[in-house]
Amino acid sequence: MNDQDAAKRAAAEAALTHVKDGMRLGLGTGSTAAHFVRALGERVKAEGWELRCAPTSEATRALAVEVGLALLDFDETAQLDLTVDGADEADPSLNLLKGGGGALLREKIIAASSRRMIVIADETKCVAQLGAFPLPVEVSPFAWQLTVGKLRGLFREFELGDVPVRLRAKPGGGPQLSDGGAYLFDCALERIPDPAGLTAALNQIPGVIENGLFVGIADTLIVGGENGVRTVEAPAR
């Protein structure tokens, strides 16, 4: 295990202190979230906890089943107690850029349906301003060229320049689809001065299903690094 992976695991294990028996949990997607799912499975077996879990992707669902976690039927509840997920970037206000794993829509649905969201990450994910990591946007395959044209126009309106907007491809060729069957476009913005304004504008474009900006959703950030684990709470909203 390298230092970055160890930091991810340390953050994931620290998040376990916020989990209580009987909770309904949202399980995130990505390498850091996978550490949490595995650690949670070990804790459930050791303590005999009864949890119900809502995975944010098919990959997380498979891992949850593998480690013995009980899955939640969404018809049973309208709200989760807690979601634990990773992030591709997090700024000091706990605005997030997510979706590198392609599960942004499901991640946002689950996070928004939770009383609390804890983000787990290593230090490399903490940034002064979002945008160095390409912003994922989930787009309907129907007339996607028109939607992408609208995206490029919007980025110019926000004075972000002629932003490269690239269709995410599978390693073997062809478009990589989200679990919901949509196209994923990665937008190399480089900087996002106004995350709240941009996310609102993006979701007004017909054909955009969701974008990877999570603004005002995360409550707590747990960061693993060389000097151990630190916790950052979101500013009062």
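Guide: Helix 2 (residues 31-47) and helix 3 (residues 58-66) have axes that come within 9 Å and cross at roughly 20 degrees; a helix here is a DSSP run of H or I of at least four residues, numbered from the N terminus, and axes are lines fitted to C-alpha atoms over the stretch in contact, with angles from 0 to 180 degrees between N-to-C directions. The model is a predicted one, in which local features need pLDDT of at least 70 and side-chain atom pairs count only at pLDDT 80 or more, while totals for chains, interfaces and linings use all residues. Residues are numbered from 1 along each chain as its sequence is written, and side-chain values use heavy atoms, leaving out hydrogens and water.

The two helices are therefore roughly parallel, the term for angles under 35 degrees. Helix 2 passes helix 3 in a right-handed crossing, that is, with the near helix turned clockwise from the far one by less than a right angle. On helix 2 the contact (heavy atoms within 4.5 Å) is formed by A34, V37 and R38, and on helix 3 by T60, L63 and A64. By class this contact has 4 nonpolar, 1 polar and 1 charged residues, where Ala, Val, Leu, Ile, Met, Phe, Trp, Tyr, Cys and Pro count as nonpolar, Asp, Glu, Lys and Arg as charged, and the others, Gly among them, as polar.

Helix 2 also meets helix 1 (residues 3-15), and here the axes come within 8 Å and cross at roughly 50 degrees. That angle makes helix 1 oblique to helix 2, which is to say between 35 and 65 or between 115 and 145 degrees. This crossing, too, is right-handed. Helix 1 brings D5, K8, R9, A12, E13 and A15 to the contact, and helix 2 brings S31, T32, H35, F36 and A39. Sorted by class, the contact of helix 1 with helix 2 has 4 nonpolar, 3 polar and 4 charged residues.

Finally, helix 2 gives the most to the lining of the largest pocket, with 3 residues. A pocket is an open set of points on a 1 Å grid over the protein atoms alone, where a 1.4 Å probe fits, with protein on both sides within 12 Å along at least five of seven lines, and lining residues have an atom within 4 Å of a point. The volume of the largest pocket is about 190 Å³, and of its 17 lining residues T29, G30, S31, A87 and D88 are the closest to the centre. The lining divides into 3 nonpolar, 9 polar and 5 charged residues.

Conventions
Grid points are joined across faces, edges and corners, and a volume is the space filled by probe spheres set on the points.
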